[in-house]
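These are my notebook entries on a structure that I went through element by element.

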Amino acid sequence: MSHILIVEDEAHLAEGLRFNLEAEGHVVDVDGDGQAALDRLLANRATYDAVILDVMLPGRNGFDVVKQLRAAGHFVPVLMLTARSRPADVLQGFEAGADDYLPKPFELQILLARLRGLLRRRQWMQQDQHEHEHLTFAGRTLDLEALELKVGEKAYQLTQMESDLLQYLVRNAGRAVSRKAILEEVWDLHEDTDTRAIDNFIVRLRRYLEVDPTKPQHLLTVRGVGYKFVE
Ligand code: CA
């Protein structure tokens with residue numbers, strides 16, 4: 001049993017989701033306003049195991065809600081419901097700190113499967129005794145299940161998307177990978193898009209990884225191509 005917050009202003013959709021999640025044995029709360037949801041999450045930090053967050057909301061949009069959450073150090077898993085599946089919108093959600101997304105209209109079974117994925121990860125994060133898979137590089141350790149990056153004494157909590165991108169770059173160490181390959185192979189996005197959105201992810205990863213993010217030693221820009229990770 002998990003405690004889920006649904007943030008959706010279309011009452012029939014929110015109530016339909018509530019009905020189905022309760023049938024799965026979850027405890028469910030619903031907010032129809034972005035600001036109210038943000039206030040609730042920040043006031044009840046340990047309450048929720050996952051959030052289903054619509055993008056178009058009164059009060060504060062979904063992108064902004066997740067951005068404020070992450071800025072406040074709140075890393076509850078967030079599944080965003082996007083109205084369109086355009087890569088630019090999807091990337092905006094990931095940039096804001098969402099863990100996963102689902103374009104509307106969606107199949108209920110797909111939503112439940114995505115939610116189970118997020119909750120499983122949540123469980124891993126809470127079980128310290130669990131044998132986590134780690135990726136070690138350049139004196140850094142990335143915990144692939146807790147999505148935590150350790151750099152010396154410091155630990156950073158990554159989102160799933162940040163972690164996926166970093167893993168991909170590390171596993172292709174020494175090779176230049178194109179922005180297009182990153183979109184397709186990391187996030188399964190095939191349409192043409194503004195691939196510069198990826199650059200913002202790299203900027204964030206550099207802040208975690210690099211001693212001086214303005215003079216990167218590990219996450220290198222390869223002009224005209226994309227990026228390259230070197231140890
Ligand atoms: Ca809406």
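Which residues of helix 7 (residues 179-187) are buried? I found Arg179, Ala181, Ile182, Leu183, Val186 and Trp187, taking buried as under 20% relative accessible area, exposed as over 50% and partly exposed as in between, with a 1.4 Å probe and protein chains only. Helices here are DSSP runs of H or I with at least four residues, strands are runs of E with at least two, and both are numbered from the N terminus.

Before going on I noted that this is a predicted model, in which local features need pLDDT of at least 70 and side-chain atom pairs count only at pLDDT 80 or more, whereas totals for chains, interfaces and linings use all residues. Residues are numbered from 1 along each chain as its sequence is written, and side-chain values use heavy atoms, with hydrogens and water left out.

Next I looked up what covers the buried residues of helix 7, and the cover includes helix 4 (87-96), helix 6, strand 10 (176-178), helix 8 and strand 12 (226-229), where contact means heavy atoms within 4.5 Å. Just after helix 7, I recorded a positive phi of about 60° at aspartate 188.

I then turned to the nonpolar cores, each a set of buried Ala, Val, Leu, Ile, Met, Phe, Trp, Tyr and Cys residues joined through side-chain atoms within 4.5 Å. The largest has 55 residues, of which Phe137, Leu149, Ile182 and Trp187 touch the most other members. Helix 8 (residues 197-209) gives the largest share of this core, seven residues. Domain 1 (3-126) and domain 2 (129-229) both contribute residues, so this core lies between them; the domain bounds come from an automatic or database domain assignment. A second, separate core holds 18 residues, including Ile4, Leu81, Leu111 and Leu118.

For the sheet, I counted strands as paired if DSSP finds at least two bridges between them. Four strands make an open, antiparallel sheet in the order 6-7-8-9, with strand 6 (134-137) and strand 9 (154-157) as the edges, each pairing on one side only. Four bridges join strand 8 (residues 148-151) to strand 9; across this pair, valine 151 stands opposite lysine 154 and leucine 149 stands opposite tyrosine 156. The hairpin of these strands has two residues between them, and glycine 152 takes a positive phi near 60° there.

Which other backbone values did I keep? Alanine 138, in the loop between strand 6 and strand 7, has a positive phi of about 50° although it is not a glycine, and it counts as buried because its relative accessibility is 17%. Lysine 104 and proline 105 are joined by a cis peptide bond with omega about -5°, and proline 105 is found in the loop between strand 5 (100-103) and helix 5 (108-126). For context, most residues other than glycine have a negative phi, and most peptide bonds are trans.

Last, I checked the calcium ion, which is coordinated by Asp9 (OD), Asp54 (OD) and Met56 (O) at 2.1 to 2.3 Å. Donors are N, O and S atoms within 2.8 Å of the metal (3.2 Å for Na, K and Ca), and water is not among the atoms, so sites may look incomplete. Along the chain the donors follow the spacing D-x44-D-x1-M. Aspartate 54 counts as buried because its relative accessibility is 3%, whereas methionine 56 is exposed, with a relative accessible area of 56%.
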